[in-house]
Amino acid sequence: MATKPLTGHDTPGDSCTIVIFGASGDLTKRKLLPALYNLKALKLLPENFAVIGVAVTDSNDEMFRSQITSDIKQFATRPVDQAEWDDFAKRSYYISGDFNSPDTFAHLGAKIEDVRKTWNLPGNVLFYLAISPSFFGKVVEQLGNAGLTKETPDTWRRIIIEKPFGHDLQSARDLNTQITSHVQESQIYRIDHYLGKETVQNIMVFRFGNSVFEPIWNRRYIDYVQITVAEQLGVELRGGYYDHSGVTRDMVQNHILSVLSLVAMEPPASISGDSVRNEKVKVLEAIRPMEPEEVLANTVRGQYGAGLIGGKNVPAYRSEPDVNPASNTETFVAMKLNVENWRWADVPFFIRSGKRLAAHTTQIVIGFKRTPLLLFGKEVQDDFMPNRLVIHVQPDEGITMDIHAKRPGPGISIANVPLDFSYNEFGESTAATGYETLLYDCMIGDMTLFHRYDSVDASWRIVNPILDVWQALHPRDFPNYASGTWGPEASDRLVAKTGHAWHHYELKK
Ligand SMILES: NC(=O)c1ccc[n+]([C@@H]2O[C@H](COP(=O)([O-])OP(=O)(O)OC[C@H]3O[C@@H](n4cnc5c(N)ncnc54)[C@H](OP(=O)(O)O)[C@@H]3O)[C@@H](O)[C@H]2O)c1
């Protein structure tokens with residue numbers, strides 16, 4: 001099931017050893033350890049399990065246990081129960097070694113075997129690659145060469161690969177060729193933590209678990225779709241990585257196109273594994289890659305200058321640490337995409353994402369067409385917006401439907417009123433990192449929320465021609481938006497060309 005609430009009512013994942021490459025890294029301490037602890041607290045981690053951390057730093061089992069004990073105190077998203085944590089810590093091990101060295105993997109193989117015997121574990125192993133993307137191919141190759149990826153009829157070997165998968169279309173293809181010469185596609189879990197978010201998973205339930213929406217979910221009733229992923233943060237300490245990436249690679253190629261495909265896909269034959277992934281990839285394949293002149297007409301890029309965020313002065317992108325002072329990397333992107341199939345032909349899908357914007361929010365807006373008749377008079381009708389459905393992904397998870405109602409009193413005066421649903425009202429939801437569902441799904445072998453290679457390839461086919469044009473034509477106006485605004489003015493003009501406007505951001509309470 002793709003949309004289970006992780007509340008402890010499910011059966012635990014399969015007993016396994018979890019190997020974390022990059023055990024001393026930022027992702028491990030801030031997300032993976034708290035997520036594994038949350039699963040344990042919810043009784044969704046198998047009772048019998050072990051964790052082996054691998055990184056280059058010299059350390060040992062005892063030092064690793066004390067390191068993760070101090071990390072969990074800092075980063076846990078729920079109170080830490082001492083007995084639960086003690087059990088977690090005593091099942092945790094560490095080996096140090098360089099990913100480039102085959103010795104590291106020989107050592108790892110021996111450690112997996114030792115730990116398996118100590119705890120009487122089956123041979124299932126989940127390898128989590130919480131490491132720089134430049135090591136993804138190498139580590140899988142080394143695992144394969146060391147014989148650590150071989151499955152048996154009774155045991156599995158699965159690999160979770162972090163993002164980004166490739167830097168462009170060609171490098172994604174090369175990486176995939178390298179990886180799949182050692183493991184099957186069915187062993188590869190390409191993670192997108194966006195898909196671990198409750199509201200994103202709820203898109204499917206919302207669309208296919210209610211009978212009222214599907215009949216109107218098409219070009220006859222829907223005027224436009226907007227997806228906004230806005231951050232107030234700048235590049236923080238990730239300037240070195242970001243300056244080689246930019247927002248289009250960092251957000252659009254993976255998260256946003258994946259969310260778009262959930263919004264636009266046909267109903268799947270079932271809610272698990274390949275049925276959903278088959279439908280998602282069809283959406284991406286229906287988005288025709290843009291010709292150079294279409295890139296110029298349908299995309300806008302931006303880079304933030306100095307400005308005010310929350311009343312505080314913040315520096316321009318080009319003044320951030322580890323960023324080239326003459327950088328042309330985009331920190332904002334807006335584009336109009338068309339899903340060229342029978343359901344969506346001519347419906348614009350506007351997407352935008354950026355750093356140092358006016359608000360921190362992720363929203364999906366479905367704009368419905370106007371009523372066919374102006375029954376209440378043009379003046380009255382002009383006052384209100386057509387119906388709109390807003391799916392709030394973060395930080396205020398929920399759904400709002402804007403409808404119209406008559407104001408009380410004589411005469412006809414119409415107001416926009418929201419029908420509101422907030423995830424906070426669900427008592428069962430628990431503080432989570434967004435990685436719990438994905439780790440759990442990997443342990444039960446559910447690949448629904450992970451990217452299959454064909455969708456990675458299809459996303460790069462959409463994004464790559466845009467990046468090519470931008471690379472050939474250097475931006476002449478960077479920085480072109482002040483921090484704390486909604487990006488360059490050209491972004492508003494892009495949407496206005498089809499008679500639309502960006503949805504005015506409102507935080508749901
Ligand atoms: N951080 C996040 O919030 C975040 C969010 C989304 C995705 N990601 C993705 O998650 C992955 C990891 O990111 P991160 O921020 O955690 O990276 P990081 O803090 O730089 O950690 C990298 C880890 O790799 C280890 N390492 C580096 N070179 C090695 C080598 N030659 N041999 C063995 N170990 C080596 C480091 O070990 P030492 O410490 O011992 O040097 C460290 O444990 C990346 O793919 C990133 O794109 C991260």
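Tutor: Asp346 counts as exposed because it has 10 C-beta neighbours inside 10 Å; a residue is exposed if 12 or fewer other C-beta atoms lie within 10 Å of its own, buried if 20 or more do, and partly exposed in between, with C-beta atoms placed from the backbone. The model is predicted: local features need pLDDT of at least 70, side-chain atom pairs count only at pLDDT 80 or more, and totals for chains, interfaces and linings use all residues. Residue numbers start from 1 along each chain as its sequence is written.

Although Asp346 is not a glycine, its phi is positive, at about 75°. Asp346 sits in the loop between strand S11 (332-338) and strand S12 (348-354); helices (H or I, at least four residues) and strands (E, at least two) are DSSP runs, numbered from the N terminus. Asn120, which is not a glycine either, has a positive phi of about 55°. Its loop runs between helix H4 (102-119) and strand S4 (125-129). With 8 other C-beta atoms within 10 Å, Asn120 is exposed.

Another joins Phe478 and Pro479, with omega about -5°; Pro479 is in the loop between helix H14 (453-472) and strand S17 (481-483).

A further point concerns helix packing. Helix H7 (residues 198-208) and helix H9 (residues 247-264) pack at an angle of about 20°, and their axes are 9 Å apart. Axes are lines fitted to C-alpha atoms, for helices over the stretch in contact, and angles run from 0 to 180 degrees between N-to-C directions. H7 and H9 are therefore roughly parallel to each other, a class for angles under 35 degrees, whereas those over 145 are roughly antiparallel, those from 65 to 115 roughly perpendicular and the rest oblique. In the contact, H7 supplies Val200, Ile203 and Met204, and H9 supplies Val259, Leu262 and Val263; two residues are in contact if their C-beta atoms, placed from the backbone, lie within 7 Å. By class, the residues of this contact are six nonpolar, no polar and no charged. Here Ala, Val, Leu, Ile, Met, Phe, Trp, Tyr, Cys and Pro count as nonpolar, Asp, Glu, Lys and Arg as charged, and the others, Gly among them, as polar.
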